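Let's take a walk through this structure together, stopping at a few side chains and the contacts they make. Please have the model open as you read.

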Amino acid sequence: MNFFGTDGIRGTYGSTLKDSTAFLLGKSLALLGDCPIVVIARDTRLSGDNLFTALAQGVYSGGGNVINLGILPTNSVGHFVRKMGGDYGVMITASHNPPCDNGLKVFDRYGVKLCESKQLVVSRMMDSLVNERAEVNKIYEPVFYDIENIYCDDMLKNVDVKLPFIKIALDCCYGASYRVAPLIFSKAGANVTAFCNQNIGAKVNVDCGATHTEYLLNKLKQGDYQLGFAFDGDADRLAVFEGAELVPNNRIFYAFAKYLHEKGKLLSNTVCGTVLTNGGVEHALNKLGIKLVRSSVGDTNVFNKMVEESLNFGGEESGHYLLCDYATSSDALVNALFVSKIYAEKGSLLKYTAECCDKPCATANIPITRANQRLTTNQSLTATVSRITALYPNCRVVLRKSGTENTVRAYLEGEQANEAMSAVVATFAQNLLPTDED
């Protein structure tokens with residue numbers, strides 16, 4: 001059994017994710033090492049404390065030791081695994097998902113999320129222990145002293161940014177960034193106003209944060225802010241505003257690439273996007289002499305492709321950006337600091353990225369049912385893509401099964417995207433395999 005999904009182990013707490021799962025993970029990591037050190041952080045979700053206790057007890061029962069980072073962003077785990085010489089790291093979070101969910105993102109000693117082969121090794125160990133009964137009792141593991149200031153100082157040293165008098169609004173979405181985000185921007189010299197910056201796990205991602213940008217937009221309209229940043233639950237996803245205007249994620253991706261290119265810091269003059277990166281971005285990059293390579297969806301896939309191609313920047317349209325000179329996973333705080341650095345040096349982000357325009361596109365989430373399930377195999381999805389592409393040769397078609405929901409995600413790009421999407425939806429509604437075509 002493989003316990004891991006697209007990004008770690010995730011589920012609804014008490015149902016598809018239980019304390020026993022965290023205990024099994026902790027013990028498995030401990031047994032796979034020699035008295036290993038496991039570095040653990042979490043977001044603010046109400047279930048996080050129980051999962052931490054179970055995870056730590058699992059580590060201890062397997063002969064390992066725990067370093068508690070407390071409430072910090074996901075990338076802090078990878079950072080401190082390396083800095084402290086840990087063997088593994090675990091972030092307890094369900095990222096942008098609702099408060100009822102939680103999850104376990106696992107890092108290796110290099111501060112990198114476990115690859116598929118390592119996930120399989122850990123899953124097999126967990127499976128071998130699954131019948132073991134464990135009594136999970138409350139333990140006290142103090143948070144590492146002054147860890148928030150250490151993290152802020154490390155990240156500011158990495159990015160090297162000064163933001164005197166820049167007025168910035170932050171939406172911390174009651175998540176992992178609720179204390180550290182205002183602190184890091186204040187240390188950078190900015191004039192900071194923070195919203196949703198309390199430890200209220202029942203509100204994490206609820207009508208706020210990077211996936212609900214209307215909240216911050218309303219706040220920006222009421223004040224005179226130069227920049228606005230919204231984070232998600234574990235602060236790996238970022239939404240950016242200039243004044244009260246949302247800057248599209250594709251243009252933030254382009255801004256990073258353009259700036260690094262101008263500074264001579266973009267390795268191989270190449271960046272990594274995904275199959276969902278809009279062709280308009282690729283066109284604008286190419287005009288600068290920058291090549292775009294594509295990976296499958298997921299920041300782990302982006303990172304692996306970057307390693308394969310020896311690249312130092314990549315990202316996703318969802319708001320995940322990997323600046324690998326500074327972090328081994330997407331860190332919305334580092335990314336926001338870098339955006340601020342570009343703004344401080346170049347001025348308006350909207351003007352700086354004006355030449356980057358998306359091609360027309362359409363997206364849809366198609367529920368998987370018993371009737372259309374046969375269309376969702378890799379072979380059938382590939383055949384359906386070929387069929388739709390034959391009908392609409394100027395469209396780029398991406399069909400993929402979701403790693404977190406029982407849906408097929410469809411992305412179509414081109415002048416006939418909407419018309420082609422209707423054909424895709426009809427294909428699944430009618431349970432029409434390409435071999436059924438007249």
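Which residue forms a salt bridge with Lys-258? In this predicted model, the partner is Glu-355, and the closest N and O atoms of the pair are 3.0 Å apart. The two residues come from distant parts of the chain, 97 residues apart: Lys-258 belongs to helix H8, while Glu-355 sits in the loop between helix H12 (349–352) and strand S15 (361–367). Lys-258 has a relative accessible area of 11%, under the 20% cut-off, so it counts as buried. Glu-355, at 40% relative accessibility, is partly exposed.

## Helix H8 and what follows

Most of the helix is covered, with 12 of its 14 residues buried. Among them are Arg-251, Phe-253, Tyr-254, Phe-256 and Tyr-259. Just after H8, Gly-264 adopts a positive phi of about 70 degrees.

Lys-263 joins Glu-345 in a salt bridge, at 3.4 Å from N to O. Because Lys-263 is in the loop between H8 and S11 and Glu-345 is in helix H11, this pair ties together parts 82 residues apart in sequence. Glu-345 is partly exposed, with a relative accessible area of 40%, and Lys-263 is partly exposed at 41%.

## Other salt bridges

Across the whole structure, a search finds 20 salt bridges. Arg-294 and Glu-282 make one of 3.0 Å, N to O. It ties strand S12 (residues 291–295), which holds Arg-294, to helix H9 (residues 279–287), which holds Glu-282. There is also a network of salt bridges that links Asp-7, Arg-10, Lys-105, Lys-113, Asp-234, Asp-236 and Asp-299.

Where does Ser-330 lie? You will find Ser-330 in the loop between strand S14 (321–323) and helix H11 (332–346), and it is buried, with a relative accessible area of 1%. Its side chain reaches the backbone oxygen of Asp-236 at 2.7 Å, and a polar atom of that side chain lies 3.2 Å from the backbone nitrogen of Tyr-321. Beyond its sequence neighbours within four places, the contacts of Ser-330 include Asn-75, Asp-299 and Asn-335.

Thr-270 is in strand S11 (residues 270–274) and is buried too, with a relative accessible area of 7%. A polar atom of its side chain lies 2.8 Å from the backbone oxygen of Ser-268. Leaving aside neighbours within four places in sequence, Thr-270 is in contact with Ile-290, Lys-291, Val-293 and Leu-311.

Note on methods. Residues numbered from 1 in each chain as written. Predicted model: local features only at pLDDT ≥ 70, side-chain atom pairs only at ≥ 80, totals over all residues. Heavy atoms only, no water. Helix = DSSP H or I, 4+ residues; strand = E, 2+ residues; numbered from the N terminus. Buried < 20%, exposed > 50% of the residue type's maximum accessible area, 1.4 Å probe, protein only. Polar contact = N/O pair within 3.5 Å; in protein donor to acceptor, adjacent residues only side chain to side chain. Contact = heavy atoms within 4.5 Å. Salt bridge = Lys/Arg side-chain N within 4 Å of Asp/Glu carboxyl O.
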